[in-house]
Amino acid sequence: MATTTASLSISSSDLLPGSSLNINASSTLMKTGLTTGMELMEMGNAEIAKDYEGQLFADGPATDDGAYFIYICNNSTDDTYYIEYRLHETAIGRLYAGDWMFVPYNASDGDAEVEVKALTGINKIEYAMFKTAWTLPAAES
Amino acid sequence: MATTLTPTLTLNDSTTFSSTINFSVTDTLSVEAPAQGLTKVTITTADNQELVDDAVSGVFYFYAKNHDSSNFVILQTTASQQYARLSPGEFCFFPINDGNGLEARADTASIELEYAYWKKA
């Protein structure tokens, strides 16, 4: 059985006076439902230059309301560099140099493509999507 | 005063592919007030419940975990653009854009959501 485990820890020694913060969470990535692990993964890295705006993951072949997980990390080292992470032209958040995100993704309809836009510099990003299902393009006749 | 937050993500899989997946990424974030400490709330199906106020300016780092055993919860901007569906036991960590806010709505039945957020300094 496919068993992909995602674990998160968030810690801080100075956020709370007299007490350190330690959050730990872990889950096994499952397809829609709670019993079948994920077996499809798309990953890669890219350089995204200032003013570039485009799709990182297209929404077309995805299964509506299926379970997907997205990981994106901005590996840039210049702290003035950042990208915007967008869902169908809605800016969700900014990933500055060194920042990463991990979030379930709901391909809820035909307008849920994942986009990135670089606001400054040439950003080096790495990304992965764990997928419930994927439809291969139709063969050329 | 800015303080430091260190989030670390680890992905591990030794059973699915011929090659083992095992990687870890960490970050050092500088955060400041306002912040929401670790909190558990009951999210109902009745309405969208705003957890991050879109009227409060700033970029927020948001963490959430669905503690329910069978039902999922929808996370979305206050303009109803979905961030994600958190299935039972799942978690997320991501930055929220300035002015987007975040609200939650249970889909099938009430769920218990653990969450926290911190403002980027």
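A word on conventions: residues count from 1 along each chain as its sequence is written, and chains are lettered from A, with ligands numbered from 1, in the order in which they are written. This is a predicted model, so to speak of local features takes a pLDDT of at least 70, side-chain atom pairs count only at pLDDT 80 or more, and totals for chains, interfaces and linings use all residues.

Let's start in chain A. There you'll find an open sheet of 4 strands, in the order S4-S9-S6-S7, with antiparallel pairing. Strands here are DSSP runs of E with at least two residues, numbered from the N terminus, and two of them pair if DSSP finds at least two bridges between them. At the edges sit strand S4 (53-57) and strand S7 (90-96) of chain A, each pairing on one side only. Neighbouring strands are turned by 30° against each other on average, direction ignored; the axes behind that angle are lines fitted to C-alpha atoms, and angles run from 0 to 180 degrees between N-to-C directions. Inside the sheet, strand S6 (residues 82-87) and strand S9 (residues 114-120) of chain A pair in the antiparallel sense over 6 bridges. Look there for Ile83(A), which stands opposite Ala118(A) in S9(A).

Now move over to chain B. It too has an open sheet of 4 strands, with the order S4-S9-S6-S7 and antiparallel pairing. Its edges are strand S4 (49-52) and strand S7 (82-86) of chain B; each has a single partner strand, so one side of each is left without a neighbour in the sheet. From one strand to the next, the twist averages 25°. S4(B) runs antiparallel to strand S9 (residues 102-106) of chain B, joined to it by 3 bridges, and Glu50(B) stands opposite Glu103(B) in S9(B).

So much for the separate sheets; what about the contact? It takes 39 residues from chain B and 40 residues from chain A, counting two residues as in contact if their C-beta atoms, placed from the backbone, lie within 7 Å. On the side of chain B that touches chain A, strands S1 (3-13), S2 (21-26), S5 (60-66), S7 and S8 (91-96) of chain B each supply at least two residues. The largest share, 11 residues, comes from S1(B). By type, this side of chain B divides into 19 nonpolar, 15 polar and 5 charged residues; Ala, Val, Leu, Ile, Met, Phe, Trp, Tyr, Cys and Pro count as nonpolar, Asp, Glu, Lys and Arg as charged, and the others, Gly among them, as polar.
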